[in-house]
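Hello,

Here is the structure I promised to hand over. Please open it first, then read my notes below.

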Amino acid sequence: MAENLPKKEISLVIFDCDGVLVAGEHLSTALMSAEARKYGWSITDKEGDSIFSGGELKKIGELIAEKSGATLPADWSDMMERRIAEMMKIKAVTVDGAEDMIIEIIDMNLPIRVGSNSSSQEMKAKFERTGLDEHLEEGRIHSARDLNIPKPNPDIYLHAAKEEGVSPDNCIVLEDSDAGVEAAVRAGMTCVLLRDPEKPGTKFEGVIRIAHLSEFPGVVRQIATNLS
C-alpha cells in the first residue's frame with residue numbers, strides 16, 4: 001500500500017461497478033465480440049475484451065459497424081443492454097472481497113455511491129444477482145449511460161457528488177479502467193486504481209494503485225482526516 005498519502009476530508013466514496021464490485025465485464029465483451037463476428041468483423045473474444053472493456057454501447061456499435069461495413073439495427077444499443085442485463089441475472093459474480101470492502105467502508109460512517117457506464121437496468125440485475133443490493137441503495141446508483149455522458153467524461157462523478165451535496169475535492173473514487181480514472185481525475189477527485197501489478201498503470205499523476213480490494217479501506221483511513 002502507498003505511504004505518505006495526502007490527507008484530506010473524505011465526504012463520499014464512489015465505486016465503479018464492473019471490475020470493482022462485479023466481475024462480469026468479460027462476459028459482456030464476449031457477447032459484443034460475438035455480435036461483431038455476426039456482422040462480419042473477425043475478432044476474438046480476447047481482442048474484444050481489450051477493445052470493448054469499459055466502453056459505451058453506442059460507441060461500440062458504431063465501431064462494429066465501421067469495422068464490419070455492416071449496418072446495425074437502430075435499436076442495437078438498447079437490444080444489447082437488455083441482453084446483458086438478462087445474462088447478468090444468471091452469471092454475475094462479485095469481485096473478490098467486494099462485499100467485505102463495502103461493509104468496512106460503511107462501518108467508517110462514510111456515505112457510498114456507485115458511478116458506472118453501465119445502464120441502471122444492467123446494474124440492478126448485477127447487484128440483485130450478487131446480493132450487493134443489500135448494501136447499495138437504489139437512489140445512490142448512477143448510470144452514465146442514462147445521463148448519456150459516458151466516462152471518460154467526468155459528469156457521472158460530478159453528478160454523484162452533487163447528489164450527495166459535497167465538493168468533488170472531498171470525494172474518493174475506486175476505479176479499474178483507464179476511462180474511469182480519467183473521469184475521476186477530470187472531476188477533481190482522489191482516485192484509487194484497482195489493477196493487477198503485472199498490468200500497465202495510468203498516465204495520470206497522483207492516482208493511488210492497489211492490487212486487491214482488501215487494500216482500499218486502509219487507503220481511505222490513511223487519507224481521511226475526518227474518521228473517528
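F15 is buried, at 0% relative accessibility. Keep in mind that this is a predicted model. F15 sits in strand β1, residues 12-15. The ring centres are 6.2 Å apart. The planes stand at 65 degrees, and an angle over 60 counts as edge-to-face, so this pair is edge-to-face. F216 is buried too, with a relative accessible area of 0%.

The structure holds two aromatic pairs. The other joins W41 and F52. Here the centres are 5.9 Å apart and the planes are at 85 degrees, so this pair is edge-to-face as well. W41 lies in the loop between α1 (25-38) and α2 (45-52). F52 belongs to helix α2. This pair ties together parts that are 11 residues apart in sequence. Both W41 and F52 are buried.

Now the nonpolar cores. In soluble globular proteins, nonpolar side chains tend to be buried together. The largest nonpolar core in this model has 53 residues. The residues with the most contacts inside this core are F15, L21, I105, F127, L174 and F216. Helix α4, residues 76-91, gives the most to this core, with six residues. A second, separate core has 17 residues. Among them are A160, V173, A183 and L193.

Take L174 as a way into the largest core. Leave out residues up to four places away in sequence, and L174 touches I14, F15, D16, V20, M101, V192, L194, I210, L213 and F216. Both rings of the F15 and F216 pair are thus on the list of residues that L174 touches.

Where is S143 placed? It is in strand β3, residues 141-143. S143 is buried, with a relative accessible area of 5%. The cut-off for buried is under 20%. The side chain of S143 reaches the backbone oxygen of S118 at 2.7 Å. A polar atom of that S143 side chain also lies 3.0 Å from the backbone nitrogen of D146. Beyond its neighbours within four places in sequence, S143 is in contact with S116, S118, S119, S120, M123 and I156.

Best wishes

Key:
Residues numbered from 1 in each chain as written. Predicted model: local features only at pLDDT ≥ 70, side-chain atom pairs only at ≥ 80, totals over all residues. Heavy atoms only, no water. Core = buried A, V, L, I, M, F, W, Y, C linked by side-chain atoms within 4.5 Å. Buried < 20%, exposed > 50% of the residue type's maximum accessible area, 1.4 Å probe, protein only. Helix = DSSP H or I, 4+ residues; strand = E, 2+ residues; numbered from the N terminus. Contact = heavy atoms within 4.5 Å. Polar contact = N/O pair within 3.5 Å; in protein donor to acceptor, adjacent residues only side chain to side chain. Phe/Tyr/Trp six-rings, centres within 6.5 Å; stacked < 30°, edge-to-face > 60°.
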